[in-house]
Amino acid sequence: MIPNDKAKILIIDDEPTNLQILNEILKNDYTLFFAKDAGKGWELALNEKPNLILLDVMMPEITGYDFCQRLKTNDITKFIPVIFVTALTDVGDEEKGFSLGAVDYITKPVSPAIVKARVKTHLSLVNSEEVKITRLQIIQRLGMASEYKDNETGMHVIRMSHYSKTLALAIGYSEEVADEILNAAPMHDVGKIGIPDSIIQKPGKLTDEEWQIMKRHPEIGAEIIGDHHSSLLRLAKSIALTHHEKYDGTGYPNHLKGENIPLEGRIIAIADVFDALTTVRPYKKAWEVDDALAYLKKESGTHFDPKLVSEFLNVLPKVLEIKKEWPEEMERS
């Protein structure tokens, strides 16, 4: 059987005539479910998980407003977009609907063209958000995959990503851009996928030859991520390529110096090293936090951007909260 890939729309209205009209408008393009009361509507919302709900406002017993509020407080249904279909045209009525989480209003009597356009628009927005969420999950999981080579739980990428966002906010990044740092940071060591396990997991000191192979992982990571129009993936590539550069120019792979190192690379360098120092690795025990901070201070101006080190120390309470929230002993999800 060929699967039905049509979007699912739930229509709730106590007037059969209104259900029939909307059915005629939408039946050729979508899979439709109908309910004449809130009880049946709630059952269908939970069981069918529609992509969109068209909801009448003036219904007996439970109004559309109350029903919408119930949808938005349930974990299963809270992300389903709701469009009110109503004869109410007062601005106050619309404001109330939007405050409860509705995404749009369609006034009765409905226009077929308007119904089709509004439904198509909001389903497109849903699809766009799902693509964004899926892309972020792929980035995070691929970042974790690289950590499984030398970090059993992969918690490192979660902690250092949150440290990086915290530091970005501290130096004035907007919440939106700081979130991009958070979501791109897990890809910083994706190039380790291309490094042999015998080197990644070696408990002792690397030979010069092994170290030269290890130092290739930033360039391998940049190659894996590639070139994209997406600002998130461009940021991820920059982070992968530059997070081992050092402020004094002695880092790798390109020996960038000072502010020639992209700011995101300088941010991740501090977050990555702090977390690596304070957790167990195959080649070392976990350092105490105070010892790790002393190292950051010592390397300020040589390995690390001194201004960023100062800001990192300022947000240390938040950093330690994150460290406690994502402990290394957490089991795999």
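Predicted model: local features only at pLDDT ≥ 70, side-chain atom pairs only at ≥ 80, totals over all residues.
1. Five strands, in the order E2-E1-E3-E4-E5, make up an open sheet with parallel pairing. Strand E2 (31-35) and strand E5 (104-107) stand at the edges with a single partner strand each, so one side of each has no neighbour in the sheet. From one strand to the next, the twist averages 20 degrees.

2. Pairing of E1 and E2. Strand E1 (residues 8-12) pairs with E2 in the parallel sense over 5 bridges. Within this pair, Ile9 stands opposite Leu32 of E2.

3. Helices on the sheet. Helix H1 (residues 16-26) packs on the sheet and touches E1, E2 and strand E3 (52-56), and its direction makes about 175 degrees with that of E2. Helix H2 (residues 38-48) also packs on the sheet, where it touches E1, E2 and E3; the direction of H2 makes about 150 degrees with that of E2.

4. Strand E3. In a regular strand the side chains alternate between the two faces of the sheet. In E3, Leu52, Leu54 and Asp56 point one way, while Ile53 and Leu55 point the other way. Because 5 of the 5 residues of E3 are buried, this strand is largely enclosed by the rest of the structure.

5. Neighbours of E3. E1 and E3 run parallel and are joined by 4 bridges; Leu10 has Ile53 in E3 as its bridge partner. E3 and strand E4 (residues 82-86) likewise run parallel, joined by 4 bridges, and Leu54 has Ile83 in E4 as its bridge partner.

6. Helices H11 and H12. Two packed helices are described by the angle between their axes and the distance between the axes. For helix H11 (residues 231-242) and helix H12 (residues 263-277), the angle is about 60 degrees and the axes are 8 Å apart. H11 is therefore oblique to H12. The crossing of H11 past H12 is right-handed.

7. The contact between these helices. On the H11 side, Leu235, Ser238, Ile239 and Thr242 take part, and they meet Glu264, Gly265 and Ile268 of H12. By class, this contact of H11 with H12 has 3 nonpolar, 3 polar and 1 charged residues.

8. A buried histidine. His303 is found in the loop between helix H13 (289-298) and helix H14 (306-314). His303 counts as buried because its relative accessible area is 12%, and the cut-off for buried is under 20%. Apart from neighbours within four places in sequence, His303 is in contact with Glu245, Lys246, Tyr247, Val273 and Tyr295.

9. Cis peptide bonds. Most residues other than glycine have a negative phi, and most peptide bonds are trans. The bond from Lys108 to Pro109 is cis, with omega near -5 degrees; Pro109 lies in the loop between E5 and helix H5 (112-147). Tyr252 and Pro253 are also joined by a cis peptide bond, with omega about 10 degrees, and Pro253 is in the loop between H11 and H12.

10. Positive phi values. Glu61, although not a glycine, has a positive phi of about 70 degrees. The place of Glu61 is the loop between E3 and helix H3 (64-72), and Glu61 counts as exposed at 84% relative accessibility. His255, not a glycine either, has a positive phi of about 55 degrees. His255 lies in the loop between H11 and H12 and is exposed, with a relative accessible area of 51%.

Methods: Residues numbered from 1 in each chain as written. Heavy atoms only, no water. Axes fitted to C-alpha atoms, helices over the stretch in contact; angles between N-to-C directions. Helix = DSSP H or I, 4+ residues; strand = E, 2+ residues; numbered from the N terminus. Parallel < 35°, antiparallel > 145°, perpendicular 65-115°, else oblique. Left-handed = near helix turned anticlockwise from the far one by under 90°. Contact = heavy atoms within 4.5 Å. Nonpolar A, V, L, I, M, F, W, Y, C, P; charged D, E, K, R; others polar. Buried < 20%, exposed > 50% of the residue type's maximum accessible area, 1.4 Å probe, protein only. Pairing = 2+ DSSP bridges.
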